[in-house]
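Let's take a look at where charged side chains pair up in this protein. Have the chain in view and follow along.

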Amino acid sequence: MAVEKKGNDQYWLKSGFINVLQNLTGVLFGFGGFYLLVRMLDKHSFGVWTLFAATTTIFEMVRSGLIQNALIKYLSFSDAKEHNKILSASFALSGGLTLLCILVNLLLATYLGRIWNSEEIIPLFWVYSLVYLFSGILSQFHWMEQANFRFNGIFVTNFLKSGVFFCFLLFCFIFDIQIQLIQLVYVQAAALFLAILLEYYFVKDLLNFTLQVTGEWVKKLLNYGKYAFGTSIGSILSSTIDQMMLGSLLSPAASGAFNIAVRIMNLVDIPTNAIAVIVFPQSARRLATEGEAAIKYLYEKSVGTILAILIPALLFLFLFPDFVVSFIAGDKYTETIPILKVTVLYCVLIPFGRQFGTILDSIGKPKITFSLVLLSAIINLGLNYILITRMGVMGAAYATLISNIINFVISQTILNRILNVNIFSTFIYAYRFYPEFFVKYIKPRFT
């Protein structure tokens, strides 16, 4: 038992460090790119790029939602003899879905350009088809690593992909080179291609699959992934519908102003993303060996840890939003300041919802997650339409806050009934985090 606990601690320490570092560098590169873009582009062009990025994120989530969690779940604790069949089925599904999404992307490009009054966005979608093809290959490699509890290649290739894009922007900024939005998409494609070549080195020993696709495993992946697929779509729509509706009901510039607040909040979302990546394969395995009591502990402990890390940063953002917005985006986006104060309020609830989906998916209840996310997306859509037309940009912020509160109440009720989760336990773990962290990691360095 002691050996097992030591191995468990080593897994959490190593994988946790790598994933936090990965999310940290990814967000910092993303933030650095945003910091440069918001100064190099006018309000309209930045808004167009925001709408393009939000839309293409949906396409990425369509594929990962259907395949990612199912592949990780079955590779994590299935017989090794079945791995080649599982990989073959996942590659086939990923390829088919990629082609379908590329077709939809090409068909929607002109329509989206028209409703957003942005003809310049149309060629961005056309070139994105190449980006989407490359990202599909890289994502498949990443999921294979994650299922085998390996994260080194994911970190290195994500660092390369984000670093190339950031360096291009930095070069143009330093030498005052005017950039076209289409150039940004070409750079994304080049960065992904380089990342694929590097990631192959990390996963070549795992690429053991057959050219014959087994219908049984295709069906299993689809049956499990269909709810996670719906959950991903609902989730990403909930997080981007406000920006899209601002673009169509108001202007791309309004969408850009709202996106600045979202970008700032991404900086404090690093631990949430990192811990979710670690918790999913662990919870899937621990359910089979230790039962639901271990899953209850995982949820309460992970949410408590995230809250302990997030709350100080959120307090700073809430108390000094004008300083943060001015420092990050300059003086031309003062309308973002009140938006940021509202987004801070619902950001406190995000760890509860994120880990809710992770835990329920891992214990084989993705249908519940799907239903809740779908309901949340519908509520968010309706509230955004009503409040944006009446209140403008601030309406989108309040709509998202209200839908997150409703989602929080429902999800905690479900967790209490299924796993007997106690919301107050998460805050107890959050409170205990600071003395535990001090005793384990700070105090030994001074004794």
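Lys220 and Glu216 sit four residues apart in helix H7 (residues 215–249), so about one helical turn separates them. Helices here are DSSP runs (H or I, at least four residues), numbered from the N terminus. The side chains of Lys220 and Glu216 meet in a salt bridge, at 3.6 Å from N to O. By salt bridge we mean a side-chain nitrogen of Lys or Arg within 4 Å of a carboxyl oxygen of Asp or Glu.

A quick word on the source: this is a predicted model, where local features need pLDDT of at least 70 and side-chain atom pairs count only at pLDDT 80 or more, while totals for chains, interfaces and linings use all residues. Residues are numbered from 1 along each chain as its sequence is written, and side-chain values use heavy atoms, leaving out hydrogens and water.

Searching the whole structure turns up four salt bridges, including these:

| Pair | N to O distance |
|---|---|
| Lys220 and Glu216 | 3.6 Å |
| Glu60 and Arg63 | 3.0 Å |
| Glu335 and Lys43 | 3.3 Å |

Glu60 and Arg63 are both in helix H2, three residues apart, or about one turn of the helix. Arg63 is buried, with a relative accessible area of 1%, whereas Glu60 is partly exposed at 22%. (Buried is under 20% relative accessible area, exposed is over 50%, and partly exposed is in between, using a 1.4 Å probe and protein chains only.)

Then there's Glu335, which forms a salt bridge with Lys43. Glu335 lies in the loop between helix H11 (321–329) and helix H12 (336–347), and Lys43 in helix H2 (residues 43–77), so the pair ties together parts 292 residues apart in sequence.

Key. Helix = DSSP H or I, 4+ residues; strand = E, 2+ residues; numbered from the N terminus.
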